[in-house]
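Hi everyone, thanks for making time this morning. Let's bring the model up on the screen and walk through it together.

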Amino acid sequence: MRLPTPAVLVTATALLLSACGTTENTAAAPSESAAASGPVTVTDSRGKTVTLKAPAKRVVALEWGEAEMVASLGVMPVGAADVAGYNVWDKAAPLTAEVKDVGKRNEPSVDAIVGLNPDVVIMAEERDSTLVPQIEKYVPVVVTKSSDASRNFDRLREDFKLIAKAVGKEPEADGVLSEMDDKLAEGKKTVEAKGVAGTPFLMADGYLEGSTVSIRPFGKGSLVSDTAEAVGLKNAWTGKVDPQWGLGQTDVEGLTALTDPKTVLFYSAAEEDVFTTGLAQNAVYQRLPFVVSKKIHKLEAGTWTFGGPKSIIMTADQIVKAVTT
């Protein structure tokens, strides 16, 4: 079974949506309250100017990372695609039972989206998507960049601030980003103090295709790699990766290029765990340095490797703990 992945990586029309709770800041200054009731104009990743009558309260988000961002700002989206899947794979910002499912991630229902009467639909960049113009006939659409392996942390900040402006939660976004920055700085300090800075790592997930195990390494520029390197580790994977997500493709034999005995493996698997089942009897895998040294760490279920600042915090905590305890 192939692992869930950002919808834009699967098909040109693949999408996702998500949501979480709304809280109003009753202590806001008068100027903030006035701003919260007026029109909002944002420029999204397409370079398109999108104007909303007021900060969006009813939001539909069409990718798990964007859904998490909305939820972490204290806004409950009214709808999301594959809500059950989100609640399995992304626990950084849980959705509530009130969030409506609008269909599959790679094929959300326009009727279901429009039927929720949203103020805005937030979705990941899809330059050739036919879904954007369909939705824009009825509802304003804000498109995020979603990933860029050449500048993923900067991209994440831009996406998060874009979403925050659209929903009128800019101070909250600043707070979450500060929390993320503090967590990374704290983690790096701990790693250095323990003398394990520069530890080589492989971040990967895997899945079965028939009887064959395929491995997907997260190379430099992927969001989880950037997270691990931000706390002082060094990505050991030097194979080819795609320019948007920083993801590679290999098999078990391809991992034999990793020879440093200090290498640590981090992997994610919420359902099928090929690293402990599909590879349990594989002789090549059993000779890999991180297997021999038992330096293998499975990320907690619900650690979404394509998420927002809250996922970064959740991932950084686990990485630091794994190499320092």
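Before going on, a word on the ground rules. This is a predicted model, in which local features need pLDDT of at least 70 and side-chain atom pairs count only at pLDDT 80 or more, while totals for chains, interfaces and linings use all residues. Residues are numbered from 1 along each chain as its sequence is written, and side-chain values use heavy atoms, with hydrogens and water left out.

Now the overview. The protein chain has 12 helices and 14 strands; these are DSSP runs numbered from the N terminus, with helices being H or I of at least four residues and strands E of at least two. Of its 325 residues, 54% are buried, meaning under 20% relative accessible area with a 1.4 Å probe, protein chains only. Among contacts between residues at least 6 apart in sequence, 68% join residues at least 24 apart, where contact means heavy atoms within 4.5 Å.

Let's turn to the sheet. Five strands form an open, parallel sheet in the order S5-S4-S3-S8-S9. Its edge strands are S5 (100-101) and S9 (141-144), each pairing on one side only. One to look for is Ile122, whose bridge partner in S9 is Val142.

Helix H3 (residues 64-72) packs on this sheet, touching S3 (59-61), S8 and S9, and its direction makes about 145° with that of S3. Angles run from 0 to 180 degrees between N-to-C directions, and axes are lines fitted to C-alpha atoms, for helices over the stretch in contact. Is H3 enclosed or open? Its 9 residues out of 9 are buried, so H3 is largely enclosed by the rest of the structure. Just after H3, Gly74 takes a positive phi of about 85°.

Helix H7 (residues 152-166) lies across S8 and S9, at about 165° to S9. H7 also packs with helix H9 (residues 223-230), at about 110° with axes 9 Å apart. That makes the two helices, H7 and H9, roughly perpendicular, the word for 65 to 115 degrees. Asn152, Phe153, Arg155 and Leu156 in H7 meet Leu223, Asp226, Thr227 and Ala230 in H9.

Back to H12 (residues 309-324), which packs with H8 (residues 170-193) at an angle of about 10°, their axes 9 Å apart. H8 and H12 are therefore roughly parallel, a label for angles under 35 degrees. Residues in this contact include Leu177, Met180 and Leu184 in H8, and Ile312, Ile313 and Val320 in H12. In H12, 13 of the 16 residues are buried, so this helix is largely enclosed by the rest of the structure.

Last stop, the hairpin. Strands S10 (residues 200-209) and S11 (residues 212-217) pair in the antiparallel sense over 6 bridges. Ala204 has Pro217 in S11 as its bridge partner. There are 2 residues between the strands, and Gly210 takes a positive phi near 70°. S11 is mostly covered, with 5 of its 6 residues buried.

Methods
Pairing = 2+ DSSP bridges. Parallel < 35°, antiparallel > 145°, perpendicular 65-115°, else oblique. Buried < 20%, exposed > 50% of the residue type's maximum accessible area, 1.4 Å probe, protein only.
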